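Please keep the sequence and the structure in view while reading.

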Amino acid sequence: MPGISARIEFTNHLVDASSIQGSDPLLAGATGRLWASPRQGGKLRLELQSEGGGGDTQVLVSEHRFQIYDGSSETVYEGTLPEEDGKDSGSTAEGAPPLGEVEEAIAKVEKHAELSGAVPSDVAGQPTYTLHVAPKHDGGLLGGAEIAWDANHGTPLRAAIYSSAGGSPVLQLEATDVSFEAVPSSVFEVSPPPGAKVVDLNPSAESAAGHSEPTSKTGVDAVQKSLDFKLVAPDSLVGLPQGEVRSIEIDDKTAALATYGKGLGGIAVLESASEPGGESGQDSAGGLSLPKVSINGSQGEELDTALGTVLRFSRGGVDYVVIGSVPPAAAEAAARAL
């Protein structure tokens, strides 16, 4: 395949944007263009023009480098993609994986998910095959996912995620017009506007130079010894048994991550020391002002989505974040039980 150019549509029903003040315009959906070329190690460019008119988003991938520009905040996120293990440096982006590898990958997926057959379909006027994937066991609020690929070129033209409530997809990226032809190299020669803030997502220079990273500890007692605050990690949380308690590093500070239950229906709790003078709800991430919720007298913030809930609050100098593919009531009950 020489390349692909397509008009695309991004549908987002994950969050009720009207309930979030200062929300990202992409929460309302977007339309845009996509270009991809297998030449020179593979290149991809994606442009999304938000329906909210608050700034466009652009993604550029060139070989193992990526760059994401958020027009609403005039910020560029850039970094390096991991290389595939055992990847032959002489291979091309057009090379299909051996049949054995495909069968092995399918067998692994079928251990945890139900796969439909390849159902004939149509996307952007192109003959396609659609595959539906659904979790075999407790998937929380995740109902399943679908992917449709072009019958002649094997190129994905539609991807969608559904909630357990069914109905329309909560997230969908779909081509509406497609052309399979060579893409000029000039299409990928784009730069963010002058003055844009740049955020480097690569590991720090010290880590890249071979400096050792902090060793993660597991178990309540071992993790507690690495913290400068009192860890809250009950044996069970809202009826879910404790899974693992592990120390992690956030902004060069040691924090704790505890999981409860199994599968996507479980709950994770992140605990970290509060910043001096900080208070939950005063500095919302990304400029978003989330709905407020009371947790045993402490004010918190809650993000309710079709696929799960994120709730955060502070108490006694510790920040708590409760995450799970569960309804808000379940997340709130877990937070109040801590």
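Is Tyr129 buried, partly exposed or exposed? Tyr129 is partly exposed, because its relative accessible area is 34%; buried means under 20%, exposed over 50%, and partly exposed in between, with a 1.4 Å probe and protein chains only.

The model is predicted, so local features need pLDDT of at least 70 and side-chain atom pairs count only at pLDDT 80 or more, while totals for chains, interfaces and linings use all residues. Residues are numbered from 1 along each chain as its sequence is written, and side-chain values use heavy atoms, with hydrogens and water left out.

**Aromatic pairs**

The structure holds 2 aromatic pairs. Rings of Phe, Tyr and Trp (the six-membered ring of Trp) pair if their centres lie within 6.5 Å; planes under 30 degrees apart count as stacked, over 60 as edge-to-face and the rest as tilted. The ring centres of Tyr129 and Trp149 are 6.3 Å apart and the planes meet at 40°, so this pair is tilted. It links distant parts of the chain, with Tyr129 in strand S9 (residues 126–135) and Trp149 in strand S10 (residues 142–150), 20 residues apart. Helices (H or I, at least four residues) and strands (E, at least two) are DSSP runs, numbered from the N terminus. Trp149 is partly exposed, with a relative accessible area of 28%.

Phe313 and Tyr320 form a stacked aromatic pair, at 5.0 Å centre to centre and 15° between the planes. Phe313 is buried at a relative accessible area of 1%, and Tyr320 is buried at 3%.

Thr128 lies in strand S9 and is buried, at 2% relative accessibility.

| Partner of the Thr128 side chain | Distance |
|---|---|
| Ser121, side chain | 2.7 Å |

Leaving aside neighbours within four places in sequence, Thr128 is in contact with residues including Val119, Pro120, Trp149 and Leu157, where contact means heavy atoms within 4.5 Å.

Arg45 sits in strand S3 (residues 43–50). Its relative accessibility is 12%, so Arg45 counts as buried. Not counting residues up to four places away in sequence, Arg45 touches Arg33, Leu34, Trp35, Gln58, Val59, Leu60, Val187, Phe188 and Val190.

**Exposed positions**

Where does Pro276 lie? Pro276 is in the loop between strand S17 (267–273) and strand S18 (292–295), and at 77% relative accessibility it counts as exposed. Its C-alpha atom is separated by 8.4 Å from that of Gly317, 41 residues apart along the chain.

Tyr77 lies in strand S6 (residues 75–80) and is partly exposed, with a relative accessible area of 30%.

**Totals**

The protein has 4 helices and 21 strands. Buried residues make up 35% of its 338 residues. Among contacts between residues at least 6 apart in sequence, 46% join residues at least 24 apart. The accessible surface comes to about 18,900 Å², of which 52% belongs to carbon and sulfur atoms; accessible areas come from the Shrake-Rupley method with a 1.4 Å probe, and for residues only the protein chains shown count as cover.

Key: A polar contact is a pair of N or O atoms within 3.5 Å; within protein, one must be able to donate a hydrogen and the other to accept it, and residues adjacent in sequence count only if both atoms are side-chain atoms.
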